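Reader: I want to learn how to read a two-chain model. Where do we begin?
Author: With the structure on screen, then one contact at a time.

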Amino acid sequence: MDIYGEKKNAVRTVTFLCTIMLVLTIADLFYRVVDFREEGKGSFMTAPKMTEESLISGSFMKDCEENVTNRFVNRENWITLKTYMDVAMLKKEINGVYLGKDRYLLEKHTRAEFSSEKVEKTLESMQQLIKEYPDTRFMPIPTKDCVLSEKLPAFAPYFDQRLLIEQMKNVLGNEHVIDVYPVLKAHEQEKIYFYTDSRWTGLGAYYGYTEFAKAYKLPAFNYLKQEPLKVTEEFKGNLYSEVNLPLKGEDILMFPRTLEKKYTITYDGNKTSHSFYAPDCLTGENKYDYFMDGTHALTIIERESFSQEELFVIKNSYGNCLIPFLARHYKRVYVVDLSCFDGSLINLMKECDTTGQMDVLVVYDCVDFVEHFSIR
Amino acid sequence: MVFSSTLFLFRFLPIFFIFYFMAPGRMKNVILLLGSLFFYAWGEPVYVLLILFTTLSDYWYGRVIESNKRKGAKTFFLVNSILINLLVLGFFKYADFLTESCNRLLGTTFPLWELPVPIGISFYTLQCMSYVIDCYRGKVKAQRNFLDFAVYVTMFPQLLLGPIVKYSLAEKQLCRREPDIIRISYGCKRFVTGLAKKVLLANQLGMLWMEVTGNDFAELPVMIAWLGVAALGLQIYFEFSGFADMAIGLGACLGFDFPENFNYPYISASVTEFWCRWNMTLTGWLREYVYIPMGGNRKGLFCQIINILVVWLLAGIWHGAGWNYLLWGIWFAFWLILEKLFLKNLLKKLPGQLGNMYTLFIVAIGWVVFAIPQISEGIRYLSAMFGLNGAGLYSRESFYFGLKYMVLFIISFIAATPLFHRIAECMSHSVTGYGIATYRVLEKLILPILLIASIAHIVDGSYNPFLYFQL
């Protein structure tokens with residue numbers, strides 16, 4: 001090519017690339033100004049403070065870099081673009097979440113994440129609880145990757161929690177562990193876990209409830225007799241936000257027979273309700289809070305009843321959709337979520353235990369249990 | 001500030017270039033110096049004084065060496081300057097390593113200094129030394145203008161990760177640079193290519209390596225261990241050569257011709273060839289200022305073997321203060337000497353692919369030693385590679401790994417060979433109109449796509465390390 005043509009071509013290349021860079025730079029700066037004006041507390045206010053100390057240590061520079069990256073113009077869209085590229089590269093895993101078969105997103109867990117010391121420590125905590133309350137039963141719920149291993153991408157490693165549950169049975173005693181793995185595995189073709197959330201659905205919890213009833217020798221109530229109601233089609237769970245792909249929302253089902261009895265539910269001692277469900281939450285971001293109004297430190301469920309039976313539940317958010325099934329068997333159910341409960345658990349249990357025959361149930365998924373369970 | 005950060009791309013770069021191109025003639029160097037000092041101070045707010053000290057000291061020594069007529073005095077000042085440079089480098093980079101080794105070997109309890117290594121010190125020290133030595137040899141004239149010399153030492157494109165630009169190469173362009181749109185366009189292309197290499201390939205490959213080394217090496221199956229090594233080797237290459245591309249690109253935009261640093265090292269048919277293609281400016285520097293002055297290959301075979309050993313020990317320890325780097329240097333010295341002695345003639349008789357496989361094998365083992373600081377851990381990893389840990393050939397996870405990174409591996413393998421380059425060459429020189437037209441369209445499309453893709457990865461910011469930070 002002649003020199004003139006080459007020059008013209010070079011000008012085009014340079015202009016093209018520089019335009020991209022300049023447009024983005026200006027857009028990013030402009031976006032910050034607008035952000036500042038509209039919110040009043042935008043990026044300029046959150047910009048790192050420059051002091052002599054932070055300059056010398058270099059922390060000011062580091063903060064600046066993070067500030068620019070974390071608030072970059074259209075950050076969400078950039079991240080979505082990156083995710084698309086990952087998908088195009090045939091990656092089946094984004095931010096520790098598998099893109100499984102049949103719409104399923106599955107959180108990745110591996111055995112290596114949990115040292116045996118960690119497991120032993122949490123089991124010790126559990127043993128202490130059993131010592132205080134010999135009627136304690138523990139329902140470890142296997143996570144989605146373990147039960148729905150068929151839905152994982154080809155050869156994807158997962159945490160097979162059967163061995164862990166066996167270990168729990170050995171350490172705590174068979175009668176203290178409610179093993180729900182077999183019943184969940186038997187129903188793996190049904191929708192027992194959400195597509196876009198790591199937790200089980202109401203149906204999964206119902207199968208868990210049948211095992212619970214067996215363990216406590218209670219007559220299991222058939223909640224499936226009446227068709228479940230679809231309360232929303234727009235549920236986007238905790239895994240949805242991890243993968244950042246435009247996926248469809250899914251259904252949340254409610255079992256109407258759970259509301260046959262009349263209950264009074266007190267959340268944290270100040271908010272009362274007569275339903276396990278909070279329809280207001282269905283319009284918000286966290287639609288899972290529909291069950292039991294989300295996370296509360298202490299929830300008390302009472303019902304007019306001749307029996308004096310009481311149940312004390314220690315749970316994480318998996319428990320939220322299980323509680324509605326349990327409540328009909330008791331006069332009073334106490335529900336504690338340790339993630340936001342501050343104080344002595346044993347003291348609280350002693351306060352609640354008026355009859356001296358309170359049943360205690362611990363509901364956790366295996367992973368969260370090993371990671372976080374402690375009675376302090 | 002690293003090139004692959006939003007702050008560099010969307011704050012420093014545009015502002016700097018606007019000022020740079022607006023500045024008239026000689027003012028350009030002022031802007032370049034100020035920009036470079038700001039760039040350096042951003043990462044090293046204190047050590048910016050150190051680089052200024054080195055600059056000032058070597059500027060003065062260059063002048064003094066030139067103005068002295070007596071050979072003895074010249075030599076005195078040269079030795080002085082080399083000592084200062086080596087002492088600064090030695091203190092900031094190796095003091096803790098030496099103290100620790102001494103403590104361990106002799107049972108002493110000298111306290112450690114625990115100073116962070118100044119970024120880029122290994123590069124700019126070598127550059128300064130090349131200048132003073134060349135002044136002594138009379139190969140270059142001492143720079144009279146301090147500004148120009150300071151620009152040479154502190155120039156931000158190659159400050160952090162090379163290439164090492166010998167003074168003689170940059171001399172003319174330091175004071176006279178013609179703005180040239182063809183060169184700028186070439187610079188932009190090189191920069192974007194380098195950015196893509198770093199962000200799209202090296203970072204992703206690095207993630208695989210991190211995942212692999214996150215496991216217990218006793219439980220690594222052979223397949224995963226090898227996938228990990230392949231990823232590591234490719235990561236180091238794309239990281240290092242990506243930064244070299246970005247430096248050369250930025251240099252071209254500023255009007256400099258920086259030397260190439262990599263020439264598809266992984267297609268080499270022998271270890272000797274590998275080192276002619278890998279980090280060429282470093283090997284060139286060592287050849288010119290260490291190997292040849294020591295006698296090179298002119299003093300008999302025994303001397304040559306000793307020289308190779310010394311050079312590679314230096315090359316090893318230059319890469320970082322640690323026993324594993326020394327071992328890494330010895331490993332290569334061993335194979336280089338072997339090739340000198342008889343292996344090279346043997347390799348010549350074999351088909352090139354076999355030589356290439358042999359080279360990759362030697363290099364791969366080298367990378368394990370290079371990347372794992374504790375030698376005992378490195379040995380455990382190596383035993384996993386050969387199945388000596390009893391974890392078997394493969395596991396379920398190894399297939400998942402293979403599938404997950406398959407596309408990345410394929411692209412990386414191809415990008416590590418000259419294939420893309422050759423296709424582009426062929427098309428741009430093709431005689432048919434179609435060939436040229438496709439080339440022009442692709443040329444226009446591929447760069448912006450790479451740029452946008454890289455930005456998306458940078459903004460996502462999940463994994464963006466800076467290897468070689470210890471250099």
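**Reading the model**

Author: Glu93(A) and Lys404(B) join their side chains in a salt bridge, 2.8 Å from N to O. A salt bridge here is a side-chain nitrogen of Lys or Arg within 4 Å of a carboxyl oxygen of Asp or Glu. Side chains of opposite charge can pair when their charged atoms come close.

Reader: What ground rules apply?
Author: This is a predicted model, in which local features need pLDDT of at least 70, side-chain atom pairs count only at pLDDT 80 or more, and totals for chains, interfaces and linings use all residues. Residues are numbered from 1 along each chain as its sequence is written, chains are lettered from A and ligands numbered from 1 in the order in which they are written, and side-chain values use heavy atoms, with hydrogens and water left out.

Reader: How do I read confidence, and what does chain A average?
Author: pLDDT is the predictor's confidence in each residue, from 0 to 100. Chain A averages 88, and 96% of its residues score at least 70. Helices (H or I, at least four residues) and strands (E, at least two) are DSSP runs, numbered from the N terminus. Over residues 40-45 of chain A, pLDDT stays under 50. Where pLDDT is low, the predicted coordinates should not be read in detail.

Reader: How many salt bridges does the rule find across the interface of chain B and chain A?
Author: Four. The count of residue pairs in polar contact between chain B and chain A is 10, both residues being at pLDDT 80 or more. A polar contact is a pair of N or O atoms within 3.5 Å; within protein, one must be able to donate a hydrogen and the other to accept it, and residues adjacent in sequence count only if both atoms are side-chain atoms.

Reader: Which element gives the largest share of the side of chain B that touches chain A?
Author: H19(B), with 14 residues. By class, that side of chain B has 32 nonpolar, five polar and 10 charged residues. Ala, Val, Leu, Ile, Met, Phe, Trp, Tyr, Cys and Pro count as nonpolar, Asp, Glu, Lys and Arg as charged, and the others, Gly among them, as polar.

Reader: What about salt bridges within a chain?
Author: Glu93(A) also pairs with Lys108(A), at 3.5 Å from N to O. Glu93(A) lies in strand E1 (residues 93-94) of chain A and Lys108(A) in the loop between strand E3 (105-107) and helix H6 (116-132) of chain A, so the pair ties together parts 15 residues apart in sequence. Both Glu93(A) and Lys108(A) are buried. Buried means under 20% relative accessible area, exposed over 50%, partly exposed in between (1.4 Å probe, protein chains only).

Reader: Is Glu288(B) buried or exposed?
Author: Buried, with a relative accessible area of 15%. Its salt-bridge partner Arg137(B), 3.9 Å away from N to O, is partly exposed at 36%. Asp134(B), Arg137(B), Lys139(B), Lys166(B) and Glu288(B) are linked in a network of salt bridges.

Reader: Where does Gly162(B) sit?
Author: In the loop between helix H6 (146-154) and helix H7 (167-175) of chain B. Gly162(B) counts as buried, at 1% relative accessibility. The C-alpha atoms of Gly162(B) and Ala244(B) are 6.4 Å apart, though 82 residues separate them along the chain.

How values were computed. Contact means heavy atoms within 4.5 Å.
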